[in-house]
Amino acid sequence: MIDRRAARGGVTGRLLRAVTAAGAQVTYALIALCCAVFLISPLSGFNPTYGTADTLLAAQAGYFERWGVIPSELWAGSAQALLTPLTALFVHGSWLHLLGNMLFLYVFGAMTEERMGRAEFTFFYLGCGYLALLAYAAAHARSDQTLVGASGAISAVLGAFLYLFPRARVTSLFPFLLFLPLRFPAWIVLIFWFVLQWMAAQGAGNGPGVAYLAHVVGFVCGFAYAWGRYGRGARVKAPATATEGESQP
């Protein structure tokens with residue numbers, strides 16, 4: 001969400017008005033698509049065609065195997081396996097997984113899309129997301145655990161946002177501060193988030209859990225892309241814009 005009262009003037013204010021007018025159509029379409037895929041899948045529990053109890057569990061396992069990334073199968077070279085880093089970007093394992101990712105995409109995606117343009121943002125999102133999941137699969141090449149979720153692509157959006165809007169004001173909730181809403185420049189919040197992901201990736205195994213390495217790779221890809229593509233002249237340094245989100249996806 002954007003605080004309009006804090007973004008009335010300057011380059012950032014004009015960008016905010018452009019985002020509001022354009023509607024960030026790709027960002028909203030990605031959110032809608034992820035939500036729709038989850039609702040019709042056996043993971044939401046809303047589709048009665050998948051049955052209940054053991055039948056439902058079997059359907060969920062089959063769904064993950066079909067659309068998610070299985071590192072040990074990815075490197076076998078089949079066309080279907082090579083597509084899974086794309087299809088996995090639209091599959092989420094739970095309501096919490098889905099809503100957490102979509103919150104971050106909603107908060108940081110609109111302004112990044114406006115700066116890049118719809119077509120470029122679409123390819124950026126899909127390309128960085130693919131690379132993030134591919135990197136995770138390469139690091140855990142023998143793993144049979146399925147990897148799903150848009151976290152790698154959304155981490156790339158965070159990385160690009162950090163480069164393009166380093167001084168945008170971000171409202172964050174920090175658990176160790178009793179969830180008090182505090183506002184910081186984006187560079188503080190996002191660098192703090194990246195360090196947490198990096199530290200978590202060092203201790204993560206190849207079993208079930210959060211793919212922190214995909215977050216790290218996605219973030220680095222997003223930042224590097226924005227840096228190489230737009231250069232120093234594209235950065236918005238005015239601290240006017242305020243976005244709202246959580247400190248940890």
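Predicted model: local features only at pLDDT ≥ 70, side-chain atom pairs only at ≥ 80, totals over all residues.
Local features were taken at pLDDT of at least 70 and side-chain atom pairs only at pLDDT 80 or more, whereas totals for chains, interfaces and linings use all residues. Residues are numbered from 1 along each chain as its sequence is written, and side-chain values use heavy atoms, with hydrogens and water left out.

The chain holds 10 helices and three strands, where helices (H or I, at least four residues) and strands (E, at least two) are DSSP runs numbered from the N terminus. Read from the N terminus, the order of elements is α-α-α-α-α-α-α-α-β-β-α-α-β. Of the 249 residues in the chain, 45% are buried; buried means under 20% relative accessible area, exposed over 50%, and partly exposed in between (1.4 Å probe, protein chains only).

Helix H7 (residues 118-139) takes part in two packing pairs described here. With helix H6 (residues 95-116), H7 packs at an angle of about 125°, and the axes are 7 Å apart. H6 is therefore oblique to H7, and their crossing is right-handed. With helix H8 (residues 151-164), H7 makes an angle of about 120°, again with the axes 7 Å apart. H7 is therefore oblique to H8, and this crossing, too, is right-handed. Axes are lines fitted to C-alpha atoms, for helices over the stretch in contact, and angles run from 0 to 180 degrees between N-to-C directions. Angles under 35 degrees count as roughly parallel, over 145 as roughly antiparallel, 65 to 115 as roughly perpendicular, and the rest as oblique. A crossing is right-handed if the near helix is turned clockwise from the far one by less than a right angle, and left-handed if anticlockwise.

Thr-27 and Met-102 are separated by 75 residues in sequence and by 9.6 Å in space, C-alpha to C-alpha. Ala-53, in helix H3 (residues 53-67), counts as exposed because its relative accessibility is 55%. Most residues other than glycine have a negative phi. Ala-53, although not a glycine, has a positive phi of about 50°.

Val-195 belongs to helix H9 (residues 186-203) and counts as partly exposed, at 38% relative accessibility.
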